[in-house]
Amino acid sequence: MTVRRFLPVRSLSLAVAAAVLALPPASPAAAAPRVHTIVIDKMKFGPVPAGIRSGDTVIWVNRDFLKHTATARDKSFNLVLPPRTSGKTVIRHSGTIAFYCIYHPGMTGSLSVAK
Amino acid sequence: MFNKLVLCGASALLMLSGPAVAQNAAAPNDAQIAHIAYTAGQLDVEAGKQALAKSHNKAVRSFAETMVRDHGAVNEQALALVKKLHVIPQDNTTSEALTKQAGEKARELGKLSGDAFDRAYIQNEVAFHRTVNGALSGTLIPGAHNAELKSLLETGLTLFQEHQKHAEQLEKNLR
């Protein structure tokens, strides 16, 4: 009776061990999404932070008394930024993403996004 | 009150940006410069409103909306400085001349429609911003003593230079 009780447990242990052995070698942990900030001041996009990865968040801070947008030319994001406000967007893909302000087309920049 | 303010600033702008500059011995003080900044904006707000009432061109309307919004925002800042600097609006003959000129331009544009209006409006915007930017960089910014005023003018110049480029691009597209 006692043996019968232990048999399923033993089987389960074997099954778990087999499953663990079947797993591929452990890969390095994926970097957790990070938050970056880009400041708009005096009609200019400030420096674009390095090390942006797909899945990261970019916070756009508009310090001007003017309304701006942060608009991706590939249409992946389009953020309207009223005067002295901020907004955020999650970057969903890697590569170079050029952006500009719809209202002031001379205001431009680009994100370099790693996978 | 606003009309007088506009008249006063506009006259100074004309004197600073046109041939009359050589005859204008007295350099504007900070209060007058603040007036001028306000006036330049107010004139372009009015032009933008006229464009929004007449144009059906998407790009022209978008530009006009930006002019109304941006110059309105700058004017809020300029007006706060005017109040802070205790400016007393002073009407004069040059302001009357500019008002007359602006009125003539508005009537001229009012007679146009469609593509002809769009082209004339944008051409005027290019010329207007070119004049204002020349006055800002050549006289107003160098002449401003108050740090806040100078900063506002510098921001304004950056903004108006962007407006000028935007207008120049539109002008090419409308040809």
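**Note on the predicted two-chain model**

1. Leaving aside neighbours within four places in sequence, Thr66(B) is in contact (heavy atoms within 4.5 Å) with Tyr103(A), His104(A), His71(B) and His163(B). Thr66(B) belongs to helix α3 of chain B, residues 58-84; helices (H or I, at least four residues) and strands (E, at least two) are DSSP runs, numbered from the N terminus. Thr66(B) counts as buried because its relative accessibility is 1%, the limit being under 20% relative accessible area, with exposed over 50% and partly exposed in between (1.4 Å probe, protein chains only).

2. This is a predicted model, in which local features need pLDDT of at least 70 and side-chain atom pairs count only at pLDDT 80 or more, while totals for chains, interfaces and linings use all residues. Residues are numbered from 1 along each chain as its sequence is written, chains are lettered from A and ligands numbered from 1 in the order in which they are written, and side-chain values use heavy atoms, with hydrogens and water left out.

3. Chain A has a mean pLDDT (the predictor's confidence in each residue, from 0 to 100) of 83, and 74% of its residues reach 70 or more. In chain A, pLDDT stays under 50 over residues 1-7, which have zero contacts beyond four places in sequence. Residues 16-21 of chain A likewise stay under 50 and have zero such contacts. Where pLDDT is low, the predicted coordinates should not be read in detail.

4. The side chains of Thr66(B) and Arg69(B) are joined by a polar contact of 3.3 Å (a pair of N or O atoms within 3.5 Å; within protein, one must be able to donate a hydrogen and the other to accept it, and residues adjacent in sequence count only if both atoms are side-chain atoms). Arg69(B) also lies over the face of Tyr103(A), 3.9 Å from the ring centre (CZ of Arg or NZ of Lys within 6 Å of the ring centre and within 35 degrees of the ring normal).

5. Six aromatic pairs are counted over all chains (rings of Phe, Tyr and Trp, its six-membered ring, with centres within 6.5 Å; planes under 30 degrees apart are stacked, over 60 edge-to-face and the rest tilted). Trp60(A) and Phe99(A) form an edge-to-face pair, 4.9 Å centre to centre with 80° between the planes. The pair links strand β4 (residues 57-62) and strand β8 (residues 95-100) of chain A, its members being 39 residues apart. Trp60(A) is buried at 0% relative accessibility, and Phe99(A) is buried at 1%.
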